[in-house]
Each structure stands twice: as C-alpha cells, then as structure tokens.
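Work through these exercises with the model in view. Try each task before you read its solution.

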Amino acid sequence: MDITTLSALEMGRKIKNREISVAEAVKAQLEKIKVSDASYHCYITVLEQEALARGEKVQKLIEAGEFKDSPLAGVPVAVKDNICTQGVRTTCASKILYNFNPPYNAAVVEKLENAGAVIIGKTNMDEFAMGSTTETSYFGITNNPRNTEHVPGGSSGGSAAAVAADEAFYALGSDTGGSIRQPSAFCGVTGMKPTYGTVSRYGLLAYASSLDQIGPIAKNVSDCAAVLDIISGHDARDSTCVAQGAYHYTEALADDVRGMKIGIPKGYLGAGLDDEIRKSILAAAETFEKKGAVVQEFDLDAVDYAIPAYYVIASAEASSNLSRYDGVKYGYRTGDFENLQEVYKKTRSEGFGNEVKRRMMIGAFVLSSGYYDAYYNKALKVKAIIKAGFDKAFQKFDVLLGPTAPSTAPRLGESLSDPLKMYLGDIYTVSVNLAGLPAISLPCGTDSKGLPIGMQLIGKHFGEKEIIRAAYSFEQTQTGNK
Amino acid sequence: MKSYETVIGLEVHAELATKTKIFCGCTTQFGGEPNTHCCPVCTGMPGTLPVLNKKVVEFAIAAGLAANCTITQHCKFDRKNYFYPDLPKAYQVSQLYLPICRGGGIEIETGGEKKIVGIHEIHMEEDAGKLVHDPWEDCTLVDYNRCGVPLIEIVSEPDMRSADEVIAYLEKLKLILQYLGVSDCKMQEGSLRADINLSVREVGAKEFGIRTEMKNMNSFKAIARAVEGERKRQIELLEYGKVIVQETRRWDDNKDTSFAMRSKEDAQDYRYFPEPDLVPIEISDEWLEEIKNRQPELRDEKMLRYETEYDIPAYDADIITGSKKLADIFEETVALCGKPKEVSNWLMVETMRLLKEAEMEPENIEFSAANLARLVGLIYDGKINRTVAKEVFEEIFKSDIDPVQYVEKKGLSMVSDEGILRSVIEKIIAANPASVNDYRNGKEKALGFLVGQTMKEMKGKADPGLINRILKDLL
Amino acid sequence: MTITDETIHYVAALAKLELSGEEKEKAKKDLGSILAYMDTMNELDTEHIEPMSHVFPIRNVFREDVVANGPDRDILLSNAPASKDGCFMVPKTVE
C-alpha cells in the first residue's frame with residue numbers, strides 16, 4: 001500500500017497507534033517527492049536530512065507520551081516558501097531572496113512544531129504571492145498534477161499541487177486574493193482561508209498586510225479543520241491577530257445542514273463563468289437542498305468593483321512592503337554598481353520579476369501625490385461598501401455558495417501575456433479578502449477535460465465552523481473523496 | 001535697505017524616555033556596540049510585525065496636554081515611504097492623517113514680553129538608524145541601534161520672529177518635556193533636535209516669504225547662529241533682487257553658513273497611507289483623565305511651591321527650577337537634611353560655578369543628593385567649617401564621594417576638644433605679647449590676628465567661633 | 001487613462017526600478033489598461049462612505065514597556081550582502 005495516499009488525520013492515527021513510524025512516514029514522503037517532483041516541481045527546497053532527523057525526534061517524543069492532543073504529530077507537512085523557517089532558505093520564489101535564511105520561525109511554524117509536525121519542504125509559488133498560475137516563480141513553474149499541461153493555479157500552486165500529488169499530507173498556503181482557494185480548486189484539493197486575524201501573520205513575508213492570511217491546503221475538509229486547530233490562535237507579535245475564545249474547528253465536522261440558510265450571489269453565476277462550472281455549482285446547491293438546507297439566490301452589492309478595489313489596495317501595500325528588498329540587509333545585491341542609487345535600482349530591477357515590478361509601479365502610482373484620493377482612498381471606500389454588502393447578506397444567510405474561479409485550470413503559458421485578463425480570474429475570491437471573511441474551496445466535480453472544479457463556501461466573520469460543517473456535509477455526498 | 005521681518009517655525013524631534021523601542025522590546029539605551037540594540041523587528045527583517053509600546057502613547061498625550069493641545073481620541077499610524085539606508089523597512093511609521101495632538105500653544109518670555117507660540121500638532125514616529133562614513137573603504141556603515149527609538153515630533157506654527165524667541169521656545173519646551181519625564185532632552189546625544197523653517201518678508205507684508213528648512217540642529221548655540229545666518233542670507237538675496245529657493249539646507253556651524261543639501265532621492269513623494277500592521281488607537285475619556293491626573297508638577301507650579309513650602313527667595317526658586325535635574329537634587333537633598341536655603345546656596349553658587357568651569361549643563365550633574373545632604377549635615381554638626389566644606393564639595397561634584405568618609409580619611413574634621421584648643425591658644429597668647437597688648441588697649445583688630453594664628457596652628461580644622469570665645473575668655 | 005513616458009519614469013523612480021525601453025513600453029500599455037479598469041470604481045457613488053483601512057473594529061493593541069533582548073548581532077548580519085565592523089555596509093551616502 002502507498003501510505004502517501006492517506007489523509008493527514010489517517011496518517012496521524014496510524015502513527016499514534018504505532019502502525020506506522022514517523023520515520024516510515026517521512027521516508028515514504030521523501031521517496032514520493034523523489035519520484036514525482038521531477039514532473040510537477042512542487043518544491044523549491046526539500047528538507048531531506050532535516051525531516052529525517054526531526055522524524056526520529058518526534059517519534060521519541062511520541063513514545064515518551066508527548067503530543068497526546070495532537071492528531072497530526074509525526075505527519076509530514078509542506079510549507080509555502082513565503083513563511084519563515086529558521087535557518088531554512090525562504091525565498092518567496094524570488095531571485096531577490098534566493099539566499100535568505102530567516103533568523104526566526106514564523107508563528108505558524110512554531111505552532112506546527114509544537115504539535116509535532118515534520119516539515120518536509122518549502123513549496124513553490126508565484127513570486128511574492130503575486131499571480132494566479134505559479135508561473136512567475138524564479139525557480140521555475142509548477143505543473144498541475146491532474147494534467148501537467150495545465151497550471152496548478154496560484155499563488156500557493158506548489159502547496160496545492162504537492163497535496164494533489166500526494167507529495168504532502170497537507171500544506172500551508174497564504175491567501176491574499178484567492179491564493180489558497182483558487183489553486184485548491186484547480187488541483188482538486190481542499191483549501192481554506194480563515195477570517196483575517198485568526199492565524200498570526202508573524203513570519204509571513206507580507207504581500208498585502210491588510211489582506212494576507214495563512215491557511216491550510218489538504219486532502220479533505222477534516223484535515224483542514226485539524227490543521228486550523230493547530231495554526232490558529234492569538235499571537236502577541238501580530239497586532240491584527242485577534243484574541244478569541246475557542247478554536248476547536250474539528251468540533252464542527254458534522255454531516256448536518258438541516259435548516260442551514262445558504263445564499264448564492266447572482267453575480268457569482270453571471271457572464272464570464274464557464275457553463276460546466278455553473279452546472280456544478282447549481283448541482284451542489286441541489287445537493288444542499290436535498291440534505292435539508294434552504295438555498296436561495298440573492299443580489300450581493302458591488303461584486304463588479306471588488307477586483308479594481310482589490311488590485312489598488314494590494315498593489316499599494318505591496319509597493320510599500322517590498323521596498324525593504326534593497327540589497328542592503330539581506331538577499332540579492334547587484335554585482336555591478338557605482339553608488340547607492342545603483343545598488344537600489346539594479347538590485348531591484350535584476351531581483352524582481354515582471355509581475356512584481358508591475359504591481360509595485362501600480363502601487364506607487366495609486367499612492368502618489370495627486371492620485372491618492374482617486375485611487376487608494378476610493379478603493380478603501382469601495383471596500384467599506386463590499387463589507388457592508390456581506391454584512392447585509394449574513395443577516396439572511398449562514399453561508400454563501402459560489403464557484404471558486406470562473407474557469408478550470410488554464411493551459412501553461414496562456415495567462416501571463418495579458419495581466420488584466422488574469423486579474424479578472426480573481427472575481428469570486430478577492431471580495432472575501434477585502435471583507436476579511438473566512439472561505440473554503442472544495443472539489444465539486446470535473447469538467448469535460450477532466451480538470452477539477454472547485455466550489456467556494458463563504459462564512460461570516462469568525463464563521464469558520466459553519467463553512468466547515470457545510471463543506472463536510474457536502475463532501476460526504478461525493479464519491480471518490482477521502 | 002528695506003526692513004524685514006523673520007518668520008520661524010520649528011519641528012522639534014524629542015526621543016521619548018521609554019525603556020524599549022516603539023514597536024519592539026529592544027532597549028533604547030544610548031550608545032552600545034553597533035547593531036547590538038536590535039532585533040528582527042527593528043531591522044526590518046521580512047515577515048516581522050510591529051506592536052505598539054503603550055508608554056509611547058501615554059508620553060505623547062502627556063506632552064500634548066502640557067502644550068495645551070487637543071488630544072485626537074481616535075488616531076492612527078501611517079507609513080511614510082522613502083529609500084535610505086538608515087531606514088531598514090524603506091518606510092517610516094509616523095502619523096500624517098490623524099496625529100495624536102493638535103492645536104496647542106506654549107507661552108514664552110523674551111525681554112520681559114510674553115507671547116504664545118502656537119503648536120500645530122504633535123505626532124508619534126520611529127527614529128532612523130545611524131550612518132557612519134568609513135574612510136578606509138570609502139563607504140558608509142549602517143548601525144540600527146537608534147532605529148525604532150520612539151520620537152514625538154512637535155510642530156510649531158510659524159509664530160517666532162527672532163533667534164531669541166526660538167531659544168526661549170526651545171528652552172521652555174525642553175523643560176516641559178523634562179519635567180514630564182517624557183524625554184531626557186540630551187541634545188549632545190541627539191535626543192532633542194530641531195528642524196528650522198525660516199523665511200523673511202518685508203515688514204507689513206501679508207504673505208509669508210519662501211522658506212528654507214535646516215534639519216537636525218542639536219545645540220542651542222548653533223540654532224541661534226543658524227537663525228541669524230539664514231536670515232541674513234535670505235535678506236541679502238532679496239536685496240540683490242534674487243529669488244529664494246524652497247529647499248533643505250545644512251547649517252555648518254564651523255563655517256558659520258548654510259549649504260543646500262542634495263535631496264535624498266529624485267522624487268520627494270512619500271506616498272503616505274494608513275499602516276495596515278497596526279490597529280487604530282482609541283483614547284477613552286477615562287484614559288485621558290487618568291493621564292491628566294498623573295501629570296507631574298510643571299515648572300511654574302514648582303516655583304510657587306518652593307517659595308511657600310521651602311521659604312526660599314523667588315530668585316533661588318527660578319534658578320533651581322530652571323533645570324529639572326537641579327530641582328530634583330534640591331528636593332531630594334532637602335528631604336534628607338532639611339535646611340532648604342543652605343541646600344539652595346550650594347546649588348546656586350558652588351554647583352553653578354563648577355558647571356561653568358567644566359562647561360557642563362545641569363543635566364550632566366553626576367553627584368547624588370545623599371552626598372550633598374551628608375555635607376550639609378557635617379557643616380551643621382560643626383564637623384567641618386565652610387572653607388573645608390567647599391573643598392569637599394569639589395570632590396563630591398567631581399566624583400560623588402561620600403563626604404563623611406572623605407573628611408575622616410583626610411583628617412579634615414574640626415577639633416572640638418576644648419582642652420586641646422585651649423592649650424594651643426595659650427601657646428599663641430604667650431608667643432604674641434604685642435598683639436595681646438594691642439587687644440587689651442582696645443584694638444579689636446588684634447583679636448582677628450590671634451584667631452588667624454590659632455587657625456593656622458590648627459591647620460584650619462577648628463571652629464572659628466569657638467576660638468573666639470576661648471581667646472576672649474583667656475584674655 | 002493614458003500613461004505618459006513621464007508617468008512611467010516617475011513611478012519607476014518611486015519604486016527604484018530601472019526599466020529597459022521595451023519594458024517601459026510594456027509598462028505603459030499594461031498600466032494604462034489596468035488603471036482604466038480601476039477607474040470603473042468611479043461608477044460607484046461613495047460620497048458618504050468612510051474609507052475603511054481596517055476591516056475589524058479592533059483597537060488599542062499594545063505592548064508593555066519591558067526590555068526583551070533580540071538575537072546576536074552576528075545573526076542579524078548573517079544575511080547581509082556586505083558588512084564591516086558589526087555594521088551593514090553600503091556605498092558612500094552623500095550629504
């Protein structure tokens with residue numbers, strides 16, 4: 001039996017029951033990566049020696065009675081390469097950080113380690129999480145394991161592909177405008193973006209600080225909930241990380257949507273949406289109804305303005321967040337300079353890729369003198385309208401349902417030539433980040449080409465439990481799911 | 001020549017006297033080996049986040065209240081974006097849109113005239129690092145120890161008209177901040193520095209002239225000269241029909257003139273926007289009230305209290321409260337040994353003399369109140385006379401010695417054994433029959449001579465009053 | 001919105017980027033279409049709307065003023081492209 005096909009919780013149970021040792025799990029995972037990563041290229045860095053050593057240590061701790069409350073102790077995990085791992089190269093898939101070794105661990109990495117996780121490697125992504133295809137990585141593209149001619153989505157494409165290819169039992173991604181949900185949809189796995197402030201951002205290399213959130217990508221809803229149990233929680237080092245009472249998301253894993261009110265924003269089924277996906281979503285709606293939920297279409301405010309507002313805000317914050325990469329303190333420095341200005345300009349021009357440069361320029365423009373009100377401030381007002389629209393919707397509904405993306409995974413090389421067209425693919429995901437809401441993407445079928453279709457369930461603030469329950473209930477109706 | 005009026009506004013940066021930096025737990029201690037008061041947060045490591053030091057907000061509010069400002073009860077931080085090696089994140093966290101204090105004023109007095117200098121705003125921000133030129137490599141070395149030290153920037157209205165007013169304003173501001181304990185205002189350590197915005201216009205003109213800015217001035221003397229120098233330069237330009245360029249200039253105190261600075265970057269567009277990594281600050285009425293109630297006594301109140309509580313002259317109270325450090329030493333010493341007028345004299349006369357000799361400011365005083373109190377005790381216990389006391393005080397001033405031990409070690413205490421003194425005086429009387437005769441014939445002066453001779457014999461360690469009494473007794 | 005050469009020059013300077021002639025042309029075209037798309041926000045009436053920078057009403061997250069030491073200087077400098085005497089090293093800055 002190929003043990004890498006097990007879900008994270010199944011593997012965790014077998015390790016607990018001493019059916020499989022941590023070393024066996026780690027070796028099997030490394031072996032799988034060795035065999036298949038040449039085809040998919042999910043990883044930027046594989047931590048072979050470190051994972052083996054860590055596996056031995058975790059095994060001993062488990063035998064000594066540690067990690068009793070940790071269902072994922074000993075299970076290998078992949079971490080997106082924009083999350084700091086102490087002493088392990090963290091690149092953001094950019095040349096400008098090709099050699100950066102963080103002097104500290106991200107809060108989520110500490111939490112994983114405290115739960116007995118074994119980090120197996122750092123996954124590929126769009127450079128600085130800017131992109132929807134994982135084609136902008138300095139370290140090469142990632143292929144979609146469901147069909148290698150297609151992109152895995154992005155920006156957490158490496159994490160989603162690794163889970164889809166059984167190169168990881170579960171993975172961490174980050175989601176600023178759909179970067180967990182969209183690649184999860186494209187690769188046929190389950191990914192969740194928590195409410196803003198649920199997971200500490202300390203140690204996440206910032207793209208857009210007001211929108212970024214770390215979350216799990218896994219083989220099923222239960223695994224996602226279990227991972228979220230581990231990584232969520234207040235952190236005094238992140239001022240925007242909220243202190244909450246209970247974080248027991250796995251308690252929400254119940255197959256019961258009776259009486260649940262589910263809304264479908266009409267704007268999420270309109271022009272631009274692939275017909276096959278529309279059918280899948282409507283079929284999913286029917287499934288929910290059959291299980292006793294009340295499903296209703298409704299008008300969500302300002303859907304069309306989410307993308308422009310998102311790109312103004314995200315680019316503005318990015319232009320500021322990425323200014324620190326200047327060749328002075330860490331990372332790449334140009335080899336050819338006469339003076340300080342050249343260190344700055346050449347380092348950054350040589351170190352950043354096109355998409356990152358484009359967003360930094362847009363960001364500089366929308367904040368610049370004379371344009372701040374027309375763009376940045378306007379976008380903050382649109383954000384307020386979008387948030388109010390969701391608030392209104394959640395007075396009526398418990399959960400919102402829609403597609404994750406307007407199409408299935410595009411072919412490699414089709415997206416980058418027209419950036420605006422690529423941005424439009426984020427239509428169903430970005431408003432969730434603007435409003436700070438939780439959302440999960442899970443598989444709900446395949447199209448005629450055999451590519452996975454993802455559906456998205458959106459919850460109200462800190463409404464993770466509702467969307468986990470809905471997603472879990474739906475998952476039970478799907479055949480072939482673990 | 002036409003007659004001109006000078007218009008001056010100041011932006012004063014004061015480093016706050018917190019123990020830790022504004023957004024991380026690193027120490028704010030001055031000095032230290034380069035980059036040893038640093039952590040991933042204040043060196044702008046990727047992925048790090050700021051968490052605001054509560055004390056910074058309280059200090060800023062305290063300064064605002066003392067400057068009669070309105071406190072912005074809902075305020076936020078913004079990012080000011082520019083590239084420079086002393087700014088590791090390439091943005092400074094500051095406040096543009098909602099500064100914590102607005103619209104106050106401070107009363108100053110020059111040449112017997114009082115006036116109010118308006119305060120436009122006070123905002124919180126982080127300090128930058130230090131750049132040092134390395135002559136060996138002809139490059140610049142970057143030290144981030146000061147990076148992230150909390151600052152308040154106090155922006156005045158363009159209400160000052162002369163160097164005297166500028167200095168009076170700065171002195172007043174410095175005292176307020178020191179009295180509040182908000183900043184130590186050590187100018188030589190850069191914890192108080194001023195940017196001077198200056199323009200000139202013809203007397204009677206309604207519009208302001210074009211202004212220049214001189215940055216990072218950190219001595220009162222240099223500031224006074226810079227104001228004078230820049231005023232003259234601008235008037236000269238106008239007199240020759242030339243235009244003044246709005247620019248940043250650097251005052252060179254050695255050359256007694258200012259130079260145009262090359263701008264930090266080609267485009268000065270700071271692209272301020274709300275800092276997303278910090279949440280807004282809500283200052284409740286209760287919190288504000290709490291801070292108000294904690295406000296320490298400021299100078300004017302203290303002066304009045306000294307006159308009534310300690311019964312020292314207004315003149316003394318004025319000098320002593322002119323420095324927070326002097327006032328602190330005064331109160332501590334009096335608490336230990338009483339005798340306010342005596343303590344005041346030591347501070348006003350001897351301390352001031354020694355400070356002047358050493359070219360020091362009162363802030364740099366290193367002696368303790370305890371040792372000054374012991375000295376006063378020695379005098380009142382008749383252990384030493386005033387001549388010896390002055391000598392001992394110089395040692396206290398220099399190295400804060402314990403006067404009791406010092407007097408004992410050096411054998412400086414007065415001989416209080418009347419028997420010994422009497423036998424010495426008997427010897428003096430026997431040796432100076434002429435003076436004895438003079439005295440007996442009514443020449444009072446002769447007694448002084450005899451006292452002096454006795455003192456000489458006693459090597460100064462005797463109480464002149466006691467000698468007098470014994471002499472008269474014996475004669 | 002049409003993007004001029006000056007605008008591209010200006011934003012590249014702000015972002016400290018050096019663009020080739022070809023990159024400038026591409027940037028002009030892309031920024032033009034992206035900003036034009038962003039202008040669709042103007043269709044939405046936002047006159048009485050407060051700009052929302054923070055999505056949650058969280059306020060007053062503070063640290064106490066207590067010293068906590070950072071890591072060694074060597075660790076902070078370990079990623080520096082150039083350093084000397086415990087400092088980060090850059091080309092001469094001109095005052």
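**Exercise 1: a helix in chain A**

The buried residues of α2(A) are A:V22, A:A25, A:V26, A:Q29, A:L30, A:K32, A:I33, A:D37 and A:Y40. Buried means that 20 or more other C-beta atoms, placed from the backbone, lie within 10 Å of the residue's own. Helices (H or I, at least four residues) and strands (E, at least two) are DSSP runs, numbered from the N terminus.

This is a predicted model: local features need pLDDT of at least 70, side-chain atom pairs count only at pLDDT 80 or more, and totals for chains, interfaces and linings use all residues. Residues are numbered from 1 along each chain as its sequence is written, while chains are lettered from A and ligands numbered from 1 in the order in which they are written.

*Task.* Describe the course of α2(A), residues 22-40.

*Solution.*
- Step 1. α2(A) has 19 residues and reaches 25 Å from first C-alpha to last.
- Step 2. That is close to the 27 Å expected at 1.5 Å a residue.
- Step 3. After α2(A) comes A:H41, with a positive phi near 55°.

**Exercise 2: a strand in chain B**

*Task.* Which strands join β10(B) by bridges?

*Solution.*
- Step 1. β9(B), residues 130-134, pairs antiparallel with β10(B) over 5 bridges; pairing takes at least two DSSP bridges.
- Step 2. In this pair, B:V132 stands opposite B:L141.
- Step 3. β3(C), residues 87-91, runs antiparallel to β10(B), with 4 bridges. Here B:T140 faces C:V90.
- Step 4. β10(B) is largely enclosed by the rest of the structure, because 4 of its 5 residues are buried.

Conventions. A residue is buried if 20 or more other C-beta atoms lie within 10 Å of its own, exposed if 12 or fewer, and partly exposed in between; C-beta atoms are placed from the backbone. The expected span of a helix is 1.5 Å times one less than its number of residues.
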